[in-house]
Amino acid sequence: MAQSAQSSTETDWVSRFADEVIAEAERRAPGKPIVVASGLSPSGPIHLGNLREVMTPHLVADEIRRRGYEVRHLISWDDYDRYRKVPAGIPGVTEESHAQHIGRPLTSVPAPAGSPYPNWAEHFKAAMVESLAELGVEYDPISQTEQYTTGVYREQILHAMKHRGDIDAVLAQYRTKPKAAKKQGQKPVDEAELEAAEGSGAANEDDGSAEGAEYFPYKPYCGACNKDFTKVLSYNDETTELTYVCTEDEFTETVKLTEFNRGKLVWKVDWPMRWAFEGVVFEPSGVDHSSPGSSFQVGGQIVHIFDGQQPIGPMYAFVGISGMAKMSSSKGGVPTAADALKIMEPQLLRWLYARRRPNQSFKIAFDQEIQRLYDEWDKLEAKVADGSVLPADAAAHSRAVRVASHELPRTPRPMPYRTLASVVDITAGHDEQTLRILSDLDPANPLASLDEVRPRLDRAENWITTQVPADQRTLVRDEPDAELLGSLDEEGRRSLALLLEGLDTHWSLDGLTTLVYGVPKVMAGLDPEAKPTPELKVAQRQFFALLYRLLVTRETGPRLPTLLLAVGADRVRKLLAA
């Protein structure tokens, strides 16, 4: 039995969309499974911007499931799209090795050299499939290669060809719109933004029109070269005979569309055809599909030719990377979901998508910002635990940690990410040393095994080893800096002595925090618990810089309490004894 929607005080953007989708589905097809959809083109690495194409309907579908409705989340793999260009930055791929395949279906293009997968599409689908499983995304996959080459869409293709004049009339309304907008002084669509989103589907494909020629919404792949540099010359509605010529090799062929399965509808017709065929009620679209005259807007009219209805479709904004420009899979080197999941737990990645409305852009951190994001996440977890969390934040947290069917696996003892990162940085991932240091963080409740802090520990280690530049890594001195120690004045030597005196009685994370902040206070004649003044803060910074120089040769580094624990009391004494 379906449950009622949450009260208005508890709703978030996901709940509001779920309300709309349920109401729309009941209006269209009462009692039938509710269909939401995503489309992904495995034309290259499927990056974190493309992931929003999946996470937006996933979160809505999951909320609908929680309410007791039956829902299908379709992920359409656009693997029958043409191979448009050779992406940069793909290992084992060069212009020489792959430019010859431009124009072929993605499933007919060889995978990058050394890949275990049979073709280009399967190679890039594989990493995304694995990531979606880790993220808890439940979906029904659809291969467009399989759909087209087995004749599943035969009736839809014949229908589109029969109504090609109607389709052409719709498309003709928009073919001059961009120029008109420019003349009126309107802001043009950002070309950089369109390119940044091009991995989200075949948004750049033509609509099948050719100046001065009859319009045909279907494009065959050539029988000789298997490329789509083809031009339909004629079509007989009665016999379904279609004649085309390949402009690349001048191959000409006449086929019957009642039997022919080597071609596809052009993108602006293909997408609305699928809405009607699958009965899609909810599908978001990126900026590239939502600008005036583009796929989603045009599809809203063409879908009626297939006796269907346009889905509810919010436009979603870009996802950026902290410290990087907008993502484009054609540029190479853009982070994917698999890359993100190497340095953050699935819950954190889900939360980043759940807490922002689809039309809000946000950034995913691969730099130092990831530590602040984890701090924010841990504070949210604490608020959930003590009941002080706000309703919208509680909803985002719930969507991050569980799906309708189960809770995602989590780190049993989630120590602060920045602490774990500092420790593995200093120990270079040495398990025994890492366990010793992490146990010292809370001597009253020491770790029995590193498994208690995994997988967060592994994510932090991956971040340190893959994302932090070598010159920012922490290297502890082997020998004291005799020259620096010898140059200290009486005040400098006394401050070090005070620190060393307090090591034994303050050997825990909290204790060492009190100690390192307290030494400058004592030096100034203040109580160790005194509130810092502006002058005292200057003295503390100077003291911290001295400790960093004596321990790690730089004036900055991991938080000093963590660093001292990691170095160990004996080695600290050796390096700081003036």
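## Helix α10

In this predicted model, helix α10 is mostly covered, with 10 of its 12 residues buried (buried: under 20% relative accessible area, exposed: over 50%, partly exposed: in between, with a 1.4 Å probe and protein chains only). The buried residues are W267, K268, V269, D270, W271, P272, M273, R274, W275 and E278. Helices (H or I, at least four residues) and strands (E, at least two) are DSSP runs numbered from the N terminus.

α10 covers residues 267–278 and reaches 16 Å from its first C-alpha to its last, close to the 16 Å expected at 1.5 Å a residue; the expected span is 1.5 Å times one less than the number of residues. G279 follows α10 and has a positive phi, near 70°.

## S76 and strand β2

S76 lies in strand β2, residues 71–77. S76 has a relative accessible area of 8% and is therefore buried. Not counting residues up to four places away in sequence, S76 touches S38, G39, L40, I142, Q144 and R274 (contact: heavy atoms within 4.5 Å). R274 is also one of the buried residues of α10.

## Nonpolar cores

A nonpolar core is a set of buried Ala, Val, Leu, Ile, Met, Phe, Trp, Tyr and Cys residues joined through side-chain atoms within 4.5 Å. The largest has 106 residues, of which L48, L51, M344, L349 and I364 touch the most other members. Another core, of 30 residues, lies apart from it and has I167, L171, V266 and F306 among its members.

Leaving aside neighbours within four places in sequence, I364 is in contact with L48, V319, G320, I321, S322, M344, L349, L352 and Y353.

## Helices α18 and α24

The axes of α18 (residues 431–441) and α24 (residues 560–567) come within 9 Å and cross at roughly 130°. Axes are lines fitted to C-alpha atoms, for helices over the stretch in contact, with angles from 0 to 180 degrees between N-to-C directions.

## Whole protein

The protein has 25 helices and 12 strands, and 53% of its 578 residues count as buried. Its C-alpha trace spans about 100 × 60 × 50 Å along the principal axes. Among contacts between residues at least 6 apart in sequence, 72% join residues at least 24 apart.

## Basis

Residues are numbered from 1 along each chain as its sequence is written, and side-chain values use heavy atoms, leaving out hydrogens and water. In this predicted model, local features need pLDDT of at least 70 and side-chain atom pairs count only at pLDDT 80 or more, while totals for chains, interfaces and linings use all residues.
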